[in-house]
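Hello,

Here is the structure we talked about handing over. Please open it alongside this email; my notes follow below.

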Amino acid sequence: MKIKKAENYYWNEKEWKERTRAIARLIPACATVIDLGGGQGNLCKYLKNPIQYILIDQLELTDRTIMADFNNGEFPNAGQFQFIVCQGIVEYIIEPARFLKRIRKYGKIMIMTYREEKRDQPFRINHFSIPEIKSIIQNDWEIVFSKNVAGSHKEKLFYCIRK
């Protein structure tokens with residue numbers, strides 16, 4: 001099912017656009033990027049001349065989307081990338097530790113966001129605290145730094161390297 005209209009989705013909110021721009025600023029020009037759960041591929045709009053940008057999502061919101069359901073164990077062979085981006089997706093993953101282990105195959109650097117705030121979002125699966133999600137990340141990734149996103153203390157951006 002291809003969704004043509006996206007105005008009802010949260011990624012059109014100002015804070016989500018600010019978050020996407022913050023992630024793009026961490027990725028140098030001419031990088032290769034895989035965007036897991038990337039929705040409409042908004043990240044690509046802010047990247048500086050990416051050599052390669054791959055978008056994987058459960059919904060086919062663009063013509064370039066590779067469809068996969070991570071909760072059903074679907075992790076397409078897409079190759080290796082300099083950056084793995086997981087923006088606002090881990091909140092929808094049934095087993096985050098398993099997910100974070102499986103995505104290691106895509107590259108050595110991961111930029112991930114997580115919002116601990118309980119928000120009325122359809123399909124949200126987990127509500128870990130920031131310390132809990134940090135502990136889960138550290139099973140397979142070394143957190144180089146983390147910071148608040150868009151001025152919120154409830155959402156963190158984690159810049160990680162594969163262990």
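First, the surface patches. A patch is built from residues with over 30% relative accessible area and no salt bridge; like charges are joined within 9 Å, and nonpolar side chains (Val, Leu, Ile, Met, Phe, Trp, Tyr) within 5 Å. A salt bridge is a side-chain nitrogen of Lys or Arg within 4 Å of a carboxyl oxygen of Asp or Glu. Accessible areas come from the Shrake-Rupley method with a 1.4 Å probe, and for residues only the protein chains shown count as cover. Lys and Arg count as positive, Asp and Glu as negative; His and chain ends are not counted. A charge is placed at NZ of Lys, CZ of Arg, CG of Asp or CD of Glu.

The model is predicted: local features need pLDDT of at least 70, side-chain atom pairs count only at pLDDT 80 or more, and totals for chains, interfaces and linings use all residues. Residues are numbered from 1 along each chain as its sequence is written, and side-chain values use heavy atoms, with hydrogens and water left out.

Overall layout

The protein has 4 helices and 7 strands. These are DSSP runs numbered from the N terminus: helices are H or I with at least four residues, strands are E with at least two. The order is α-β-α-β-β-β-α-β-α-β-β. Of the 163 residues, 48% are buried. Buried means under 20% relative accessible area, exposed over 50%, partly exposed in between (1.4 Å probe, protein chains only).

Surface patches

A positive patch on the surface gathers Lys17, Arg21, Arg25, Lys45, Arg64 and Lys147. Helix H1 (residues 14-25) gives the largest share, 3 residues. Lys45 sits in helix H2 (residues 42-46). Its relative accessible area is 62%, so Lys45 is exposed. Tyr46 is also found in H2. Tyr46 is partly exposed, at 29% relative accessibility. Its C-alpha atom is 9.7 Å from that of Lys17, 29 residues apart along the chain.

There is a nonpolar patch too: Val144, Phe145 and Ile161, with about 210 Å² of accessible area together. Ile161 belongs to strand E7 (residues 152-162). At 31% relative accessibility, Ile161 is partly exposed.

Salt bridges

The count is 3. Arg19 and Glu155 pair at 2.5 Å, N to O. That pair links H1 to E7, 136 residues apart. Arg115 and Glu155 pair at 2.9 Å. Here strand E5 (residues 107-115) is linked to E7, across 40 residues.

Lys101 is in helix H3 (residues 96-102), and Asp140 is in the loop between helix H4 (130-137) and strand E6 (141-149). Asp140 is buried, at 7% relative accessible area.

A buried charge without a partner

Asp57 lies in strand E2 (residues 52-57). Asp57 is buried yet has no salt bridge; Arg19, the nearest side chain of opposite charge, is 10 Å away. A polar atom of the Asp57 side chain lies 2.9 Å from the backbone nitrogen of Leu59.

Positive phi

Most residues other than glycine have a negative phi. Cys30 has a phi near 65°. Cys30 is in the loop between H1 and strand E1 (32-36). Asn49 has a phi of about 45°, and its place is the loop between H2 and E2. Asn49 is exposed, at 60%.

Best wishes

Technical notes. Polar contact = N/O pair within 3.5 Å; in protein donor to acceptor, adjacent residues only side chain to side chain.
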